[in-house]
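Below is a short briefing on a structure with its sequence. Look through both before reading the points, and keep them at hand.

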Amino acid sequence: MDDYQTEEESVEAAIGGNAYQHSRVNQWSTSVVEQCLSQLSKLGKPFKYIVTCIIMQKNGAGLQTASTCFWDNSTDGSCAVRWENKSMYCIVSVFGLAI
Amino acid sequence: MSDVAKDKSQKREKRTGKVSSEGSHGVKGNTRTKDSISTVSCLTELGHHDENIRMTVTMENTYQMGPHKRFPVPAVTDILKDVLVSYLQEEKYEVEWSQKMTKTICEVIRARVKDLMIPRYKTVVLVHIGQLNGQSMQMSSRCLWDASNDTFASYSFKNSSLFGVATVYAVYYE
């Protein structure tokens, strides 16, 4: 899975340069995820994708995330991108499963 | 200054029964723009990856149009609820403890879903544990899959000092 570039660009394009606003965060996370997914589907590979996005305000709080998968190691993979600015964090993970 | 700990760990398991390959967590790139930082991390495989590509298993046609047994979403939601409540009920958020706990809960959930023995389904389990500190957050996900066969189950738990969210995605292997 080496299309982290796609993910990074999508995140940057969707929310880059914005401060955290509770009213808009729903719209942002939707747009991040949708852009990611549309870029991935344009690659035209025989994969099913799961894209997850977490946007969190910077408040000194801690967050732990873990994932475990039951799949075929030789054909499936995943990738995660962490992005932050002064007021929030954004974590996007992509899982690709071969059909 | 900030005691935010962001940890991501992922584990994989081979379905075919071959020896599972070692994975190492590597940071691929770090770009810095004017006021945002982004880090990319990808799991990389060592060693046996090339051999596995050459030895891809070609399966015979099963002539199966869809899953014989569907993924039981309510049963899995109950599993998630059960696991989260039992592990997190009276706990307080601590960095070291919650790092181990996320991984443990992940493994436990995956083992219990596997016990359900649903054939031809691949699963992805995600667990998030976070501190409650008055901050606001939004989690969302979108999937590109076959909506008639693939599904997900999710449960979130909260107590006075922390919250936990667990999600299981089930993807049918055609």
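Helices (H or I, at least four residues) and strands (E, at least two) are DSSP runs, numbered from the N terminus. This is a predicted model, in which local features need pLDDT of at least 70, side-chain atom pairs count only at pLDDT 80 or more, and totals for chains, interfaces and linings use all residues. Residues are numbered from 1 along each chain as its sequence is written, chains are lettered from A and ligands numbered from 1 in the order in which they are written, and side-chain values use heavy atoms, with hydrogens and water left out.

**The two chains**

- Chain A has two helices and four strands, and their order along the sequence is α-α-β-β-β-β.
- Of the 99 residues in chain A, 60% are buried, where buried means under 20% relative accessible area, exposed means over 50%, and partly exposed is in between (1.4 Å probe, protein chains only).
- Chain B has three helices and seven strands, which run β-β-β-α-α-α-β-β-β-β from the N terminus on.
- In chain B, 39% of the 174 residues count as buried.
- A contact means heavy atoms within 4.5 Å.
- In chain A, 67% of the contacts between residues at least 6 apart in sequence join residues at least 24 apart.
- For chain B, residues 24 or more positions apart account for 68% of the contacts with a separation of 6 or more.

**Helix 2 of chain B**

- Helix 2 of chain B covers residues 73-88, which is 16 residues, and spans 22 Å from its first C-alpha to its last.
- That span is close to the 22 Å expected at 1.5 Å a residue, the expected value being 1.5 Å times one less than the number of residues.
- The buried residues of this helix are B:Val76, B:Ile79, B:Leu80, B:Val83, B:Leu84 and B:Leu88.
- Seen down the helix axis, these buried residues fall within an arc of 120 degrees, so they line one face of helix 2 of chain B; the arc is that of the directions from the helix axis to the C-beta atoms.
- An α-helix has 3.6 residues a turn, so residues three or four places apart point the same way.
- B:Pro74, B:Asp78 and B:Ser86 are exposed on the other side of helix 2 of chain B.
- The buried residues of helix 2 pack against helix 3 (95-115), strand 4 (121-131), strand 6 and strand 7 of chain B.

**Aromatic pairs**

- Rings of Phe, Tyr and Trp (its six-membered ring) pair if their centres lie within 6.5 Å; planes under 30 degrees apart count as stacked, over 60 as edge-to-face and the rest as tilted.
- Over all chains, the structure holds six aromatic pairs.
- One of them is the tilted pair of B:Phe152 and B:Tyr169, with 6.4 Å from centre to centre and 40 degrees between the planes.
- This pair links distant parts of the chain, 17 residues apart: B:Phe152 is in strand 6 (residues 151-158) and B:Tyr169 is in strand 7 (residues 162-172) of chain B.
- B:Phe152 is partly exposed at 44% relative accessible area, whereas B:Tyr169 is buried at 3%.
- B:Phe71, B:Tyr121 and B:Tyr172 are linked into a cluster by ring pairs.

**The second largest pocket**

- On a 1 Å grid over the protein atoms alone, a pocket is an open set of points where a 1.4 Å probe fits, with protein on both sides within 12 Å along at least five of seven lines; lining residues have an atom within 4 Å of a point.
- The second largest pocket holds about 280 Å³ of space, a volume being the space filled by probe spheres set on the points, which are joined across faces, edges and corners.
- Its lining has 17 residues, and those nearest the centre are B:Met139, B:Ser140, B:Ser141, B:Thr167 and B:Tyr169.
- Strand 4, strand 5 (137-144), strand 6 and strand 7 of chain B each supply at least two lining residues.
- Strand 5 of chain B gives the most to this lining, with six residues.

**Single residues**

- A:Met56 lies in strand 1 (residues 47-57) of chain A and is buried at 2% relative accessibility.
- Beyond neighbours within four places in sequence, A:Met56 is in contact with residues including A:Tyr20, A:Leu63, B:Gln135 and B:Met137.
- B:Met117 is in the loop between helix 3 and strand 4 of chain B, with a positive phi near 55 degrees although not a glycine.
- B:Arg120 is in the loop between helix 3 and strand 4 of chain B, and has a positive phi of about 65 degrees.
- B:Met117 is exposed at 64% relative accessible area, while B:Arg120 is partly exposed at 22%.
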